[in-house]
Amino acid sequence: MKPALIGLIGTLILTGCSTVTYSGPGLEPIPGSITYNGQPRSKLTKSPVGSAFPHDFIDQYGQQVEETYIIQPDRSLIIAHRRYKPIRFFGD
């Protein structure tokens with residue numbers, strides 16, 4: 001009985017951890033983002049729904065930014081993650 005209970009609790013915990021939905025609005029676009037002036041005109045028809053891809057650019061303040069986009073079921077894009085990279089001088 002005890003191992004079955006521990007197994008059930010473990011299964012519930014793992015199920016809760018692996019369930020991820022991206023139904024929220026995502027991050028607000030900034031200048032340089034693919035979606036800054038609205039959704040792109042060309043739809044990503046060959047990429048599978050839910051797939052992610054990165055985009056690197058320099059923002060309006062000269063910082064290097066890396067964003068990760070996720071393709072939604074309607075083929076629109078949301079920004080799931082944004083990271084500002086440190087400025088490196090002289091190839092450090």
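Which residues make a nonpolar surface patch of about 440 Å²? Ile-87, Phe-89 and Phe-90 do. Patch members have over 30% relative accessible area and no salt bridge; like charges are joined within 9 Å, and nonpolar side chains (Val, Leu, Ile, Met, Phe, Trp, Tyr) within 5 Å. Accessible areas come from the Shrake-Rupley method with a 1.4 Å probe, and for residues only the protein chains shown count as cover. Phe-90 sits in the segment after strand 3. Its relative accessible area is 86%, so Phe-90 counts as exposed. The cut-offs are these: buried is under 20% relative accessible area, exposed is over 50%, and partly exposed lies in between (1.4 Å probe, protein chains only).

The model is predicted: local features need pLDDT of at least 70, side-chain atom pairs count only at pLDDT 80 or more, and totals for chains, interfaces and linings use all residues. Residues are numbered from 1 along each chain as its sequence is written, and side-chain values use heavy atoms, with hydrogens and water left out.

Now the sheet. Three strands form an open sheet in the order 1-2-3, with antiparallel pairing. Strands are DSSP runs (E, at least two residues), as are helices (H or I, at least four), and both are numbered from the N terminus. Two strands pair if DSSP finds at least two bridges between them. Strand 1 and strand 3 are the edge strands, each pairing on one side only. On average, neighbouring strands of this sheet are turned by 25° against each other, direction ignored. Axes here are lines fitted to C-alpha atoms, for helices over the stretch in contact, and angles run from 0 to 180 degrees between N-to-C directions. Strand 2 and strand 3 pair in the antiparallel sense over eight bridges. Thr-68 has His-81, in strand 3, as its bridge partner.

Next come the rings. The structure holds one aromatic pair. Phe-53 and Tyr-69 form this pair, stacked at 5.5 Å centre to centre with 20° between the planes. Phe-53 lies in strand 1 (residues 52-58) and Tyr-69 in strand 2 (residues 64-71), so the pair ties together parts that are 16 residues apart in sequence. Rings of Phe, Tyr and Trp (its six-membered ring) pair if their centres lie within 6.5 Å; planes under 30 degrees apart are stacked, over 60 edge-to-face, and the rest tilted. Phe-53 is partly exposed, at 22% relative accessible area. Tyr-69 is buried, at 0%.

What of the charged side chains? A search of the whole structure finds three salt bridges. A salt bridge is a side-chain nitrogen of Lys or Arg within 4 Å of a carboxyl oxygen of Asp or Glu. Asp-56 and Lys-85 meet in one of them, at 3.8 Å from N to O. This pair links distant parts of the chain: Asp-56 is in strand 1 and Lys-85 in strand 3 (residues 77-85), 29 residues apart. Asp-56 is partly exposed, with a relative accessible area of 42%.

Lys-85 also meets Glu-66 in a salt bridge, at 3.3 Å from N to O. Lys-85 and Glu-66 are both buried.

Arg-82 forms a salt bridge with Glu-67, and the closest N and O atoms are 2.8 Å apart. Arg-82 is in strand 3 and Glu-67 in strand 2, 15 residues apart. Both residues are buried.
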